[in-house]
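Here is a short report on one protein structure. Take a look at the sequence and the fold before reading on.

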Amino acid sequence: MPCYLFTYHAYGTWLPDRRQGYVQRHSGILPQDNEMAARYRARMTEAEKVFNEEIQQSIITALLESRDKQQFECYFVATDPTHVHVLLAWRDEREWLRMRSTVKGSISRLLNHEHGRCEWFAERGSRKRVCNRDHFGHLFAVYLPQHRGWKWSESLGFHV
């Protein structure tokens, strides 16, 4: 059963002028770059999105409501003003790319319905395959709980 940590970034947030640098596909983590950030901003079609508490809760609700229809098991959701992490698994043969897109679509539909239609997320998102029980345990007990926003897990329910 494939198990992944999917990350979806809020539209217009993780740009190249972040103090921590930025991630560019196929190049990895790159240092802060103000010129590149200006180019990114020039291509933006909407304002930057920030996930406030209400939106964070809506994101979690969307994931929980879509589990049965989209046929996945959700283990943990951690939100932050700039991104959301979803730890999930599924039992069929769907590829991770399709699953990542399906889940993102479920979140976007509910956000559009409840908060108005807009570009909520950066174009792709990221994924990390969960390799083994130790990796899962670290994500579940250490990495995801340290996020600043609303969280959800089966054992704890909604919590900050």
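## Basis

This is a predicted model, in which local features need pLDDT of at least 70, side-chain atom pairs count only at pLDDT 80 or more, and totals for chains, interfaces and linings use all residues. Residues are numbered from 1 along each chain as its sequence is written, and side-chain values use heavy atoms, with hydrogens and water left out.

## The largest pocket

The largest pocket has a volume of about 1400 Å³. Of its 38 lining residues (those with an atom within 4 Å of a pocket grid point), the closest to the centre are H9, V23, A122, R124 and G125. The lining comprises 16 nonpolar, 13 polar and nine charged residues.

## Salt bridges

The model has seven salt bridges, each a side-chain nitrogen of Lys or Arg within 4 Å of a carboxyl oxygen of Asp or Glu. In one of them, D17 meets R41 at 2.8 Å, N to O. D17 lies in the loop between β1 and β2 and R41 in helix α1, so the pair ties together parts 24 residues apart in sequence.

Another joins E154 to R67, with the closest N and O atoms 3.8 Å apart. E154 sits in the loop between β7 and β8 and R67 in helix α2, so this pair links parts 87 residues apart in sequence. E154 is exposed, at 62% relative accessibility; R67 is partly exposed, at 25%. Here buried means under 20% relative accessible area, exposed over 50%, and partly exposed in between (1.4 Å probe, protein chains only).

Notes
1 Å grid on protein atoms, 1.4 Å probe; cavity = no way out; pocket = protein on both sides within 12 Å on 5 of 7 lines; lining within 4 Å. Points joined across faces, edges and corners; volume = space filled by probe spheres on them. Nonpolar A, V, L, I, M, F, W, Y, C, P; charged D, E, K, R; others polar. Helix = DSSP H or I, 4+ residues; strand = E, 2+ residues; numbered from the N terminus.
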